[in-house]
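Welcome! Please take a moment to look over the sequence and the model below before reading on.

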Amino acid sequence: MDSDLDSAFREAFNEISKLREAVAPDIMLKFYAYNKQANFGSNFPYYDELDVRNGFKINAWMQLKNMSSNQAKKEYIKLAKTLLNNKK
């Protein structure tokens with residue numbers, strides 16, 4: 001059974017995924033990092049070669065290494081609400 005937090009996180013993820021307008025790259029990196037931390041914790045992959053884009057993504061995620069999964073979900077939801085409210 002999903003918790004209220006899990007349901008709210010999934011709903012926020014779905015709403016952000018439906019956006020048609022461009023979102024600033026720094027905000028997208030935050031969404032990426034919170035999503036990865038919420039779903040995978042601090043289990044960072046190792047890549048021999050990274051392109052610049054993936055390097056930024058991994059770096060954003062690694063900055064959250066001490067954040068709990070639940071806190072990452074809360075931060076994702078908060079950021080999503082802020083962004084969606086500003087789009088109205």
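What you have here is a predicted model, in which local features need pLDDT of at least 70, side-chain atom pairs count only at pLDDT 80 or more, and totals for chains, interfaces and linings use all residues. Residues are numbered from 1 along each chain as its sequence is written, and side-chain values use heavy atoms, with hydrogens and water left out.

**Some words to know**

- Helices are DSSP runs of H or I with at least four residues, strands are runs of E with at least two, and both are numbered from the N terminus.
- A residue is called buried under 20% relative accessible area, exposed over 50%, and partly exposed in between, using a 1.4 Å probe and protein chains only.
- Two residues are in contact when they have heavy atoms within 4.5 Å.

**Salt bridges**

- The structure has three salt bridges, where a salt bridge is a side-chain nitrogen of Lys or Arg within 4 Å of a carboxyl oxygen of Asp or Glu.
- One of them joins aspartate 6 to lysine 73, with the closest N and O atoms 2.3 Å apart.
- This pair links distant parts of the chain, as aspartate 6 sits in helix α1 (residues 4–17) and lysine 73 in helix α4 (residues 69–87), 67 residues apart.
- Lysine 73 is buried, at 11% relative accessible area.
- Glutamate 15 pairs with lysine 18 in a salt bridge whose closest N and O atoms are 3.2 Å apart.
- Glutamate 15 is partly exposed at 33% relative accessibility, while lysine 18 is exposed at 51%.
- Lysine 78 and glutamate 75 also meet in a salt bridge, at 3.7 Å from N to O.
- Lysine 78 and glutamate 75 are three residues apart in helix α4, so about one helical turn separates them.
- Lysine 78 is exposed, with a relative accessible area of 52%, whereas glutamate 75 is buried at 18%.

**Aromatic rings**

- A pair of aromatic rings is described by the distance of the centres and the angle of the planes.
- Rings of Phe, Tyr and Trp (its six-membered ring) pair if their centres lie within 6.5 Å, and planes under 30 degrees apart count as stacked, over 60 as edge-to-face and the rest as tilted.
- By this rule there are five aromatic pairs.
- Among them is the tilted pair of phenylalanine 13 and tyrosine 76, with 6.3 Å from centre to centre and 35° between the planes.
- Because phenylalanine 13 lies in helix α1 and tyrosine 76 in helix α4, this pair ties together parts that are 63 residues apart in sequence.
- Phenylalanine 13 is partly exposed at 33% relative accessibility, but tyrosine 76 is buried at 2%.
- Ring pairs connect Phe9, Phe13, Phe31 and Tyr76 into a cluster.

**The largest pocket**

- On a 1 Å grid over the protein atoms alone, a pocket is an open set of points with protein on both sides within 12 Å along at least five of seven lines, and lining residues have an atom within 4 Å of a point.
- The largest pocket holds about 300 Å³ of space.
- It is lined by 14 residues, and the closest to its centre are Met28, Leu29, Tyr32, Arg53 and Lys57.
- Helices α1, α2 (25–40) and α3 (52–62) each supply at least two residues of this lining, and α2 gives the largest share, with six residues.

**Two buried residues**

- Phenylalanine 9 belongs to helix α1 and is buried, with a relative accessible area of 7%.
- Although phenylalanine 9 and tyrosine 76 are 67 residues apart in sequence, their C-alpha atoms are 7.2 Å apart in space.
- Leaving aside neighbours within four places in sequence, phenylalanine 9 is in contact with Asn35, Ala38, Asn39, Lys73, Tyr76 and Ile77.
- Alanine 33 is found in helix α2 and is buried at 3% relative accessibility.
- Between the C-alpha atoms of alanine 33 and isoleucine 58, which are 25 residues apart along the chain, the separation is 7.8 Å.
- Again leaving aside neighbours within four places in sequence, alanine 33 is in contact with Ala60, Trp61 and Leu64.

Terms used:
1 Å grid on protein atoms, 1.4 Å probe; cavity = no way out; pocket = protein on both sides within 12 Å on 5 of 7 lines; lining within 4 Å. Points joined across faces, edges and corners; volume = space filled by probe spheres on them.
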